[in-house]
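Here is a short note for a colleague who is meeting this structure for the first time. Please read the points below with the sequence and the structure at hand.

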Amino acid sequence: MRDYVGVPRLTSVRLSPDGRRLVGVVQALNPDGKSYGTALWEIPLDGRRPYRLTRSLKGEAGAEFTAEGDVLFGSRRPDPTVKDPGDEVAALWLLPAAGGEARQVAARPGGIDGFATGGPTVVFASDVLPGDESTEAERRKARKDAGISAILHEGYPVRYWDHDLGPGEPRLFAGVVGEDRLTDVRDLTPEPGKALVNAAYEVTPDGSAAIATWAVTLPGGELRSDLVLIDIADDGARRVLATRDGHDFEGPLAVSPDGRRVACVRSNHADTGTIPETTLWIIDLATGEGRAAGGELWPSEIEWAPDSASLYVVADHRGRRPVFHVPADGAEPVRLTSDDAAYSALNVAPDGTLYALRSSVDRAAAPVRIVLEDTAGAGGTAGVVEELASPVPELEPPGTLTEITATADDGAEIRGWLVLPEGACADAPAPLLLWVHGGPLSSWNDWSWRWNPWIMAAHGYAVLLPDPCLSTGYGPEMIRRGWANWGPRTHADLMTITDAALEVPGIDPGRTAAMGGSFGGYMANWIAGHTDRFKAIVTHASLWNLDQFAGTTDASMYWRREFGEPGGELYDTLSPHRSLEKITTPMLVIHGDKDYRVPIGEGLRLWWDLQRSGVESKFLYFPDENHWVLKPGNAVVWYETVLAFLAQHVLGQEWKRPESLS
C-alpha cells in the first residue's frame, strides 16, 4: 500500500507556442513521506528520456509558456533576493528558455493563484484584502498578529470544497515580462467582490484583453455566471460578452488563434422538472453573438484548431473520454480517438498535431501525440495516437478489465467496467465489490489515484464500476431517467448490472459488498436501506439526511434547484435516513472534517443513527482531510481499513485493526 501511494504521477502537460517543447507537472512523494510535492519535467518530442527542470522543497505547478518560450510557474519557494520574505505564499516564477536559474517575476501579499499568457501579457489572479492596497501587507500581518481569523460575509457562498472564502477577494492583474520582473503590473478588477471566486480566464493572442467568467449574486442565495471581456489596454474596462437569466457561461475557455472568438461552456439552471444541459458555446468577441456547437457533447476541455475554423473537444462518451473534432459552423462532431482511453491536458501545435495525457480505468496518465490523418475517403479525420516517453513509471494492473452491459427494467442499456483479479475462475471465484461513482453527473472512465479499484483487485476482489442513470456520456435521456429520482432509479440500475456481473464466470454470488463516495456514498446508504443482499457496505463522504445537507453544503443553490426547498416532498422520499430502520448490513462510515461539499454533520448523524439502531458499524474519521482524503499516510489508512472491514464481513475473517492505526 505504501509503495502505491509513493508512485509518481503525471498531472498535466503544456506545449510551447512553437510546438517544439512539452513540459509536464509531476507529483511525487516528498522525502518526509507525509506529503506530495510537484516539479516540472521536460518531455522531449524526439523520443529522448524526460528530465527534471525544477527542484525545490515547496514544489512547482501551473506551467505556462510565454511568447518567447520561457516557462512560467507558481511556487512557494523562497526568493533568494529577499532578506525577509515573511509568509511563504505562492509567487510567479520564470525559467528562461535559454537556460539558467529560475527567478521570481511577480509576488503579492495574498499570493498568486493561477495565471495565463497572451502575446507579451501575463494575467494572474491574487487574493486581495478590501481597502487600501498599499497597506495590504501590513494589514495582513496585523490581522495575523492579533489572532483574528473571523470573516464577515454579506453574501453567498462562504466556503468551497475544503477552504473558506474571504476575507480577501480574488482579483486579476496584468503585466509584461521584463528583464527581471513583470513590468507595468495593473489591477484589472478593483472591488470585484466575489465575482472572481473560482473564475476561469484566458488572454487573447495579442495580449490586449482577458476573457473571464464573472459571478453575479442574485436574490435568495442564487448565483449566475456571465462571461466578460476585460480590456487590458483600456485600464480594465469591462464589457459583458454573454449573459442570460437561468444560464451559466463557464470554463473551460479557449480564445481562437485569430483573436475573434471565444469558446466556453453554457449550461442551464436545472430545476425539479428540468435536467441540466451543457453545450459548447462560441461567442464573437466583437458583437457578443453566440451559438452552440458540438451537439450533445458535454465538454471538459476545449482547444481551437490553428486555422480558427474548428475546435478539439474532450468529452465523456460511453465509459471513455475521447477527443472530438468540432466544426465551428455547427456541423456534427467527429470522434478522433477510437480507443478506450480518457484524454486530458489537450494541447494543439501550430501544425495541427495534438498533444495530451492519455489514461484509462486500467492505465495511469502518460503523454501522447495525436497525429491527424485525412480520411476523406472514409468521411473525415482520424487521430493516430503515438506514445511519448513518460517521466513516471508505467504500472501493471493486477488483473484484467472487461466491459459489461445489462438492460434495465425500462429498457435502457446500463454499461460499466468489470475488474477481475488475477486467478479468478469458476474453480476459484472472486468476491464482488460494487463501487458506485460520485457526481452524480460523472462516469467511470479514467484512472483514479484516490479511489483505485486495482488495490481491491490486488487483494482478490472483482470490482464492478457501473454507469447507471445520471452518468455523463450517454446523452440527456440517461440523465433525465434519474433526475430528481436519485435513489429508486439509480438503485434499480445498479441492481440490474450487479445481477449481470454475478453471471460472469469467476464471480462468487455469495460474497458481495457495495461501496461509494460522495453521490456514491449516498447510494451506498440508499442500498443499505433497500436491500440486504450485500454482506458489507462502505460509505464515504456520504449524504444521509438531505434536508440537513441542503443548507450546510458549500453550494446549496445547486441542490435546491433539483430538490426544491428543504422540507419538500423530494427531501422526504429521497433521503436515505428515512430507511434507517431497514438497515441490517454492517457499515463502515468514512468522513473528513474539512469536507465542505458534504459536511461532517452527514457522517456524524449517520454514525449516531447506526449506533442508536444497533447496526454493526465502524466510523473512520479524518480530522484534517477533505472530501477525498489526500495525504499519503491517511490514504494508506483508508485502504487498509476498508480492506480489513471487507475481509471481516465478506471473507469471514476475524476483524484485524490496521497496524497504521495503532
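How many helices and strands does the protein have?

1. The model is a predicted one, and the protein in it has 11 helices and 38 strands. Its radius of gyration is 25 Å, close to the 26 Å that the globule rule gives for 662 residues, so the protein is as compact as a globular protein of that length. Along the principal axes, the C-alpha atoms fill a box of roughly 70 × 70 × 50 Å.

2. Of the 662 residues in the protein, 54% are buried. Among contacts with a separation of 6 or more, 55% are between residues 24 or more positions apart.

3. The protein exposes about 27600 Å², and 49% of this area is supplied by carbon and sulfur atoms. There are 61 positive and 93 negative side chains, with the centres of the two sets lying 4 Å apart.

4. Some local backbone features deserve a careful look, given that most residues other than glycine have a negative phi, and most peptide bonds are trans. The peptide bond from tyrosine 156 to proline 157 is cis, with omega near 5 degrees, and proline 157 sits in the loop between helix H2 (136-145) and strand E11 (159-160). The bond from glycine 166 to proline 167 is also cis, with omega near 10 degrees, and proline 167 belongs to the loop between strands E12 (163-164) and E13 (169-177).

5. Tryptophan 161, which is not a glycine, has a positive phi of about 55 degrees, and is found in the loop between E11 and E12. Aspartate 235 likewise has a positive phi of about 55 degrees; aspartate 235 lies in the loop between strands E17 (223-231) and E18 (237-242), and counts as exposed at 63% relative accessibility.

How values were computed
Residues numbered from 1 in each chain as written. Predicted model: local features only at pLDDT ≥ 70, side-chain atom pairs only at ≥ 80, totals over all residues. Heavy atoms only, no water. Helix = DSSP H or I, 4+ residues; strand = E, 2+ residues; numbered from the N terminus. Rg over C-alpha atoms; globule rule 2.2 N^0.38 Å. Buried < 20%, exposed > 50% of the residue type's maximum accessible area, 1.4 Å probe, protein only. Contact = heavy atoms within 4.5 Å. Areas by Shrake-Rupley, 256 points an atom, 1.4 Å probe, with all protein chains shown as cover. Lys, Arg positive; Asp, Glu negative; His and termini not counted. Charge placed at Lys NZ, Arg CZ, Asp CG, Glu CD.
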